[in-house]
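Please look over the sequence and the model shown below before reading on. The paragraphs that follow move from one region to another and give the cut-offs of each term where that term is first needed.

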Amino acid sequence: MNEASIFYDPMGLLSQRTNFNFIIGNRGGGKTFGFKKIVINRFKKKKQQFIWVRRYQTEIDTLTDFWADIAPFFPEDTLTVEANKCYINGELAGYLVALSTSMKLKSVAYPLVTTIVFDEFIIDKGRMPYLRNEAELFLEFYETVARLRDNVTAIFIGNAISIYNPYFVYFKISTTNM
């Protein structure tokens, strides 16, 4: 957390240089905003692309205004979304992908993608269920993107709703290891 702000600052986490990172915090704490800022700056400075993951296609379909919250902070840039692709100043910067349909992408190459952000990886009660074998499905998608490269970082963003989720079970993460 940046002392000058009440909002989450992802730079400390990213300095750890780990492949899988889990961020859990209060709703509205700036987690999603912070990572949108990161992917915009990485693209503008290094042409590094990103993938923004949600669980279901219905969630992806609602992201037509993906850049709306952050666009005012980048007034010199044109941020758009067309057909599940994110553009910065007319250049392809990222992809919006539904984990539920990610198996269809096994033959797609993503050589410029260095960041995968899984937003809302923890499900709110009463919402759609987790996918069957979801952690394994994400790992397969990660490998589709990374293709044995070691420069692809996965960021899992979630609200502090429940410690129980398929990823913490799979990776054996508990409150005693935190």
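In H4, the residues Glu-134, Ala-135, Leu-137, Phe-138, Phe-141, Tyr-142, Thr-144, Val-145 and Ala-146 are buried, where buried means under 20% relative accessible area, exposed means over 50%, and partly exposed lies in between, computed with a 1.4 Å probe on protein chains only. Helices (H or I, at least four residues) and strands (E, at least two) are DSSP runs, numbered from the N terminus. This is a predicted model, in which local features need pLDDT of at least 70 and side-chain atom pairs count only at pLDDT 80 or more, while totals for chains, interfaces and linings use all residues. Residues are numbered from 1 along each chain as its sequence is written, and side-chain values use heavy atoms, with hydrogens and water left out.

The buried residues of H4 pack against E1, E2, E5, E6, E7 and H5, contact being defined as heavy atoms within 4.5 Å. The expected span of a helix is 1.5 Å times one less than its number of residues, so the 13 residues of H4 should span 18 Å, and the 18 Å between its end C-alpha atoms agrees with this. On one side of this helix, Asn-133 sits in the loop between strand E6 (113–119) and helix H4 (134–146); Asn-133 has a positive phi of about 55° although it is not a glycine, and with a relative accessible area of 46% it is partly exposed. Just after H4, Arg-147 likewise takes a positive phi, of about 50°.

Further along, Asn-151 is placed in the loop between H4 and strand E7 (153–159), and at 38% relative accessibility Asn-151 counts as partly exposed. The side chains of Asn-151 and Arg-149 are joined by a polar contact of 3.2 Å, a polar contact being a pair of N or O atoms within 3.5 Å, of which, within protein, one must be able to donate a hydrogen and the other to accept it, with residues adjacent in sequence counting only if both atoms are side-chain atoms. The C-alpha atoms of Asn-151 and Asn-21, which are 130 residues apart along the chain, are separated by 14 Å.

Thr-18 belongs to the loop between helix H1 (11–14) and strand E1 (20–25) and counts as partly exposed, at 35% relative accessibility.

Leaving aside neighbours within four places in sequence, the residues in contact with Arg-55 include Ala-98, Phe-118, Tyr-130 and Glu-134. A polar atom of the Arg-55 side chain lies 3.4 Å from the backbone oxygen of Glu-120.

Rolling a probe the size of a water molecule over the atoms shows where empty space is left. On a 1 Å grid over the protein atoms alone, a cavity is a set of points where a 1.4 Å probe fits but cannot get out, a pocket is an open set with protein on both sides within 12 Å along at least five of seven lines, and lining residues have an atom within 4 Å of a point. Grid points are joined across faces, edges and corners, and a volume is the space filled by probe spheres set on the points. A search of the whole structure finds 1 cavity of 30 Å³ or more, and the largest cavity holds about 40 Å³ of space. Its lining consists of Arg-55, Tyr-56, Glu-59, Ile-123, Arg-127 and Met-128.

About 180 Å³ of space lies in the second largest pocket, to whose lining strand E5 (residues 91–98) gives the most, with 4 residues. Among the lining residues of this pocket are Gln-57, Asn-84, Tyr-95 and Ala-98.

In helix H2 (residues 31–46), the 16 residues should span 22 Å at 1.5 Å a residue, which agrees with the 22 Å between the end C-alpha atoms. The buried residues of H2 include Lys-31, Phe-35, Lys-36 and Phe-43, and just after H2, Lys-47 takes a positive phi of about 60°.
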